[in-house]
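Colleague: I would like to learn how to read a helical model. Could we take it feature by feature?

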Amino acid sequence: MWGIIIALISGALMSIQGVFNTEVTKSSSLWVANSWVQLTALIVCVGAWFFTGRQNITGIFQIDHKYMLLGGVIGAFITLTVIKSMDALGPAQAVLLIVVSQIAVAYLIEVFGMFGVEKAAFAWSKVLGLALAISGIFIFQR
């Protein structure tokens, strides 16, 4: 149950953050807004690290697959693409497309067992669910 609640909060926060970031971009620039987002996220994370036990920071470099350390780089491009899509499409349509894209890519990662994720069996019902979500995009646009 907690997983569902946390996922719903995450989705709501992503939508709100996208709107906030798009508005900040209008009074500054795309890369300034993106930098501000990443900088303030770093400050919050360092603050949380100080208050939650301060595990050894060097452990991050002991990861087997070094490409896994690119999450922050990907995060910068996520912020950039969310800002651009919300500006071009509006918050509701942008988030709808973002979520459908997330579902499709996440399912491919599971089915092919990419990036160390345990491989899941292919299920037509999940493809049908994705197709239904995609058809929802067309319904939403009309």
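Colleague: Which residues in H3 are buried?

Modeller: First, the ground rules. This is a predicted model, where local features need pLDDT of at least 70, side-chain atom pairs count only at pLDDT 80 or more, and totals for chains, interfaces and linings use all residues. Residues are numbered from 1 along each chain as its sequence is written, and side-chain values use heavy atoms, with hydrogens and water left out. Now the term: buried means under 20% relative accessible area, exposed means over 50%, and partly exposed lies in between (1.4 Å probe, protein chains only). In H3, the buried residues are Gly75, Ala76, Thr79, Leu80, Val82, Ile83, Ser85 and Met86.

Colleague: What do the buried residues of H3 pack against?

Modeller: They pack against H1, H2 and helix H4 (91–112). Contact here means heavy atoms within 4.5 Å. Take Ser85, which is found in helix H3. Ser85 counts as buried because its relative accessibility is 16%. Neighbours within four places in sequence aside, Ser85 is in contact with Gly90, Ala94 and Ile98.

Colleague: How many helices and strands does the protein chain have?

Modeller: Helices (H or I, at least four residues) and strands (E, at least two) are DSSP runs, numbered from the N terminus. The protein chain has five helices and zero strands. Read from the N terminus, the order is α-α-α-α-α. The C-alpha trace spans about 45 × 45 × 30 Å along its principal axes.

Colleague: What span does H3 reach?

Modeller: The expected span of a helix is 1.5 Å times one less than its number of residues. H3 (residues 71–89) has 19 residues and reaches 26 Å from its first C-alpha to its last, close to the expected 27 Å. Just after H3, Gly90 takes a positive phi of about 90 degrees.

Colleague: At what angle do H1 and H2 cross?

Modeller: Two packed helices are described by the angle between their axes and the distance between the axes. Axes are lines fitted to C-alpha atoms, for helices over the stretch in contact, and angles run from 0 to 180 degrees between N-to-C directions. The axes of H1 (residues 2–27) and H2 (residues 30–51) come within 8 Å and cross at roughly 135 degrees. That makes H1 oblique to H2. Angles under 35 degrees count as roughly parallel, over 145 as roughly antiparallel, 65 to 115 as roughly perpendicular, and the rest as oblique.

Colleague: Which residues make the contact of H1 with H2?

Modeller: H1 brings Gln17, Asn21, Val24 and Thr25, while H2 brings Leu30, Ala33 and Val37.

Colleague: Is Asn21 buried or exposed?

Modeller: Asn21 lies in helix H1. Asn21 is buried, because its relative accessible area is 9%. Beyond neighbours within four places in sequence, Asn21 is in contact with Ala33, Val37, Thr79 and Ile83.

Colleague: What is Gly18 in contact with?

Modeller: Gly18 is also placed in helix H1. Its relative accessible area is 0%, so Gly18 is buried. Setting aside neighbours within four places in sequence, Gly18 is in contact with Val82 and Met86.

Colleague: Where does Phe115 lie?

Modeller: Phe115 lies in the loop between H4 and helix H5 (124–141). Phi of Phe115 is near 60 degrees, a positive value in a residue other than glycine. Phe115 is partly exposed, because its relative accessible area is 45%.
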